Amino acid sequence: MLILALALLSPALAQDEVPAATSQKAASKAPSGMVWVEPGEFTMGWDGEEGRPDERPAHRVQVDGFWIDQTEVTNAQFARFVEATGYRTTAEIVPSWEELAAQLPPGTPEPPPGTLVAGSLIFAKTPGPVDLRDYSQWWAWTPGADWRHPEGPGSSIDGMQAHPVVHVSWFDATAYAKWAGKRLPTEAEWERAARAGADGQRYAWGVDLVPEGVHRANIWQGRFPFENALADGHDVAAPVGSYAPNALGLYDMSGNVWEWTSDQFQPDLYEQRVRASGPGIVIVNPKGPDRAADPRNPYSRDSYVQKGGSFLCHADYCSSYRPSARMATPPDSGMSHLGFRCVTTPALWKAHREAARGKAPSGAPGKDAD
Ligand SMILES: [Ca+2]
Ligand SMILES: [Ca+2]
């Protein structure tokens, strides 16, 4: 089901240079709604008991400083982008057979003309217990579902301006980020921001899932995927910022909706890294590989990492609200529990502001971003 969409070429991400500004200066000049993450080291991945093979081994990573959105991108924010640009999301465009075939086993017969339709995947509770290995039982391909119609035709985002935008593909998220003078975070940047200095801990806030009885994330309680006990107060996505932030002031880095990153997924990536660099070596500004090797999507060249888990994550099922947990889907995937947030750097932000003012690009003499 996750491969029902476009297999377009990946647009190149904006490349920015290591910021020359000091951390203090950068922190004091944060773009609206963003916070500064200091350059530094952290432990990426997790060797603890809940850790899945693709989270191992934990290894030391260093990333440059960057700003990151405090919240997931909201419907209101995404609407401004669409109004300004006329952008149409992947879920609103009928996929072509050529694009779809590239993600399917060779020899898959072409469907009859007119049967490919625009749409997205919507979560639907099952009537009762199901085999949790078969996620097709709780995901429904829904023609007409898109970011403005999150539950399909007839639904709307009226009154949901502060909810995270969903049904956005990686292409959509990347396009929004570029328009906003930002980019998607690398997986390393995202995980460093989520951990917020709490190095080597199971959760962004410590070692207990519900410390002192206070829910710190919008996830799933009860029996997945048919009975949600709602102990955290929300059945599906909540307005951004409904739960306490982490130590950096970032909301919903755990739960609510999954968040796209700029990195391609390979399940043994961390083993490869450590093998290539040697044990004990700090890996600087890692980025994903050039192409994915995703067992969930074996015919797709591209599959991008998502982080943070969602309102569907359950302690017995995936526990993906841990900062080290990894998920991935092809870049054309839209789902009702998948959104994003952006990062930017002093260099990238300065270039954006100059472009907005119609000035010469970064590097020209006499310019001043502020
Ligand atoms: Ca919940
Ligand atoms: Ca999230």
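This is a predicted model: local features need pLDDT of at least 70, side-chain atom pairs count only at pLDDT 80 or more; totals for chains, interfaces and linings use all residues.
**Entry 1. Burial and overall form**

Of the 370 residues of the protein, 44% count as buried. I then listed the secondary structure and found seven helices and 14 strands. The radius of gyration is 20 Å, close to the 21 Å that the globule rule gives for 370 residues, so the protein is as compact as a globular protein of that length. I also noted the extent of the C-alpha trace along its principal axes, which is about 60 × 50 × 45 Å. Among contacts with a separation of 6 or more, I found that 74% join residues 24 or more positions apart.

**Entry 2. The nonpolar cores**

I next asked which residues have the most contacts inside the largest nonpolar core. They are Ile-68, Val-166, Ala-173 and Ala-193, in a core of 60 residues. I recorded the elements that give two or more residues to this core: the strands are E1 (34–37), E4 (66–69), E5 (119–123), E9 (258–264), E11 (304–307) and E12 (327–329), and the helices are H4 (170–179) and H5 (187–195). Helix H4 supplies the largest share, five residues. For background, I note that nonpolar side chains tend to be buried together in soluble globular proteins.

I then found a second, separate core of five residues, including Phe-42, Val-61, Val-63 and Ala-188.

I examined the burial of H5 residue by residue. Nine of the nine residues of H5 are buried, so this helix is largely enclosed by the rest of the structure. The buried residues are Glu-187, Ala-188, Glu-189, Trp-190, Glu-191, Arg-192, Ala-193, Ala-194 and Arg-195. I recall that Ala-193 was listed among the residues with the most contacts inside the largest core, whereas Ala-188 was listed in the second core.

H5 is followed by Ala-196, whose phi is positive, near 50 degrees. Ala-196 has this positive phi although it is not a glycine. This alanine lies in the loop between H5 and E7. I checked its surroundings: Ala-196 counts as buried because it has 20 C-beta neighbours inside 10 Å.

I found Glu-212 in the loop between H5 and E7 as well. Glu-212 has a positive phi of about 50 degrees and is not a glycine. Is Glu-212 buried or exposed? It counts as exposed, because it has 5 C-beta neighbours inside 10 Å.

**Entry 3. Helix H7**

I turned to helix H7, residues 346–356. Its buried residues are Pro-346, Leu-348, Trp-349, Lys-350, Ala-351 and His-352. I asked what covers them, and the cover includes helix H1 (23–28) and strand E14 (343–344). After H7 comes Gly-358, with a positive phi near 75 degrees.

**Entry 4. A three-stranded sheet**

I traced an open sheet of three strands in the order E2-E3-E10, with mixed pairing. Strand E2 (40–44) and strand E10 (283–284) stand at the edges, each with a single partner strand, so one side of each is left without a neighbour in the sheet. In which sense do E3 and E10 pair? Strand E3 (residues 59–63) pairs with E10 in the parallel sense, over two bridges. I identified Val-284 in E10 as the bridge partner of Gln-62.

**Entry 5. Cis peptide bonds**

I searched for cis peptide bonds and noted where the prolines lie. One joins Arg-56 and Pro-57, with omega about -10 degrees. Pro-57 is found in the loop between E2 and E3. I recorded another cis peptide bond between Phe-224 and Pro-225, where omega is about 0 degrees. Pro-225 lies in the loop between strand E7 (222–223) and strand E8 (227–228).

**Entry 6. Val-236**

Last, I looked up Val-236, which lies in the loop between E8 and E9. Val-236 counts as partly exposed because it has 19 C-beta neighbours inside 10 Å, and a residue needs 20 or more to count as buried. I also took its C-alpha to C-alpha distance to Asp-302, which is 28 Å. Val-236 and Asp-302 are 66 residues apart in sequence.

Definitions and conventions: Residues are numbered from 1 along each chain as its sequence is written. Chains are lettered from A and ligands numbered from 1 in the order in which they are written. A nonpolar core is a set of buried Ala, Val, Leu, Ile, Met, Phe, Trp, Tyr and Cys residues joined through C-beta atoms within 7 Å. A residue is buried if 20 or more other C-beta atoms lie within 10 Å of its own, exposed if 12 or fewer, and partly exposed in between; C-beta atoms are placed from the backbone. Helices (H or I, at least four residues) and strands (E, at least two) are DSSP runs, numbered from the N terminus. The radius of gyration is taken over C-alpha atoms; the globule rule is 2.2 Å times the number of residues to the power 0.38. Two residues are in contact if their C-beta atoms, placed from the backbone, lie within 7 Å. Two strands pair if DSSP finds at least two bridges between them.
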